[in-house]
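Colleague: Could you take me through the place where the ligand sits, in plain words? Which residues surround the ligand, and which are the closest?

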Amino acid sequence: MKVRDDLILISSSDRNGGIGKDNALLMRIPEDMRHFREQTVGQTVLVGRKTLETFKDGKPLPNRDTIVLSATPGYGVEGAQVAADLKALFDLLEAVKTRIYVIGGASVYRDLIGFCSRAIITRFDAEWEADAHLPDISQETGWICLDAGDWKDSEKGIRYRIQEYIRHTPQDPHQ
Ligand SMILES: NC(=O)c1ccc[n+]([C@@H]2O[C@H](COP(=O)([O-])OP(=O)(O)OC[C@H]3O[C@@H](n4cnc5c(N)ncnc54)[C@H](OP(=O)(O)O)[C@@H]3O)[C@@H](O)[C@H]2O)c1
């Protein structure tokens, strides 16, 4: 298992890296929802069991191939594949031809950030109480911010910007 060019983390966080509370998102803004849809429709998404359960009727998002991570014995959900651990997940990914988005939640971001080559993070210019957080990508090794994004005002009045990070692979000086 190693960093994959097709594996992209996508998330939204507040100023403190907060992404959720009580198994729900901290904030939904239409612009971010649209951006998420545009990125992920027609692609494959990787999601944790708890986040999947927050989707409408507990079902996978439409028009995307879904792989759910769950080690719960016998767990299954219609319209999705299930991986019980990272080895099973990477075996399933061998057959995937689309881009693959890691869409959370917190434990899935933690487990998979080390294998992602890109990260697209919507930053809200706000602070909320949170019990789920994104790893601080600026503290993770090998990432650089490719695009810090311009601050915009959302319809809801919250400022946000969309940042893009890529994994920086230093050139081997002996090559
Ligand atoms: N702002 C955002 O961008 C964003 C995006 C998504 C989610 N969220 C928020 O994040 C929070 C949920 O995060 P969470 O960490 O509590 O839950 P989660 O990551 O959605 O799901 C956790 C579950 O996924 C399974 N899992 C995770 N890693 C696994 C692994 N390596 N192997 C096998 N199974 C694995 C386990 O399921 P089993 O217990 O069945 O084994 C685990 O209990 C919510 O508040 C949600 O709204 C925010």
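Modeller: A residue is near a molecule if one of its heavy atoms lies within 4 Å of it. Before we go in, this is a predicted model, where local features need pLDDT of at least 70 and side-chain atom pairs count only at pLDDT 80 or more, while totals for chains, interfaces and linings use all residues. Residues are numbered from 1 along each chain as its sequence is written, and side-chain values use heavy atoms, with hydrogens and water left out.

Okay, the ligand has 28 residues around it, and Arg49, Thr51, Ser70, Thr72 and Ser107 are the closest. Now for polar contacts, meaning pairs of N or O atoms within 3.5 Å. Thr51 brings a polar side-chain atom to 2.6 Å from a ligand oxygen. With Ala71 it's a polar backbone atom, 2.8 Å from an oxygen of the ligand, and Leu69 has a polar backbone atom 3.4 Å from a ligand oxygen. On its own the ligand has 920 Å² of accessible area, and the protein covers 84% of that (Shrake-Rupley method, 1.4 Å probe).

Which elements build the shell? Those giving two or more residues are β1 (4-13), β2 (18-21), β3 (24-25), α2 (49-52) and α4 (106-112). Helices here are DSSP runs of H or I with at least four residues, and strands are E runs of at least two, numbered from the N terminus. It's α4 that gives the largest share, with five residues.

Terms used
Polar contact = N/O pair within 3.5 Å; in protein donor to acceptor, adjacent residues only side chain to side chain.
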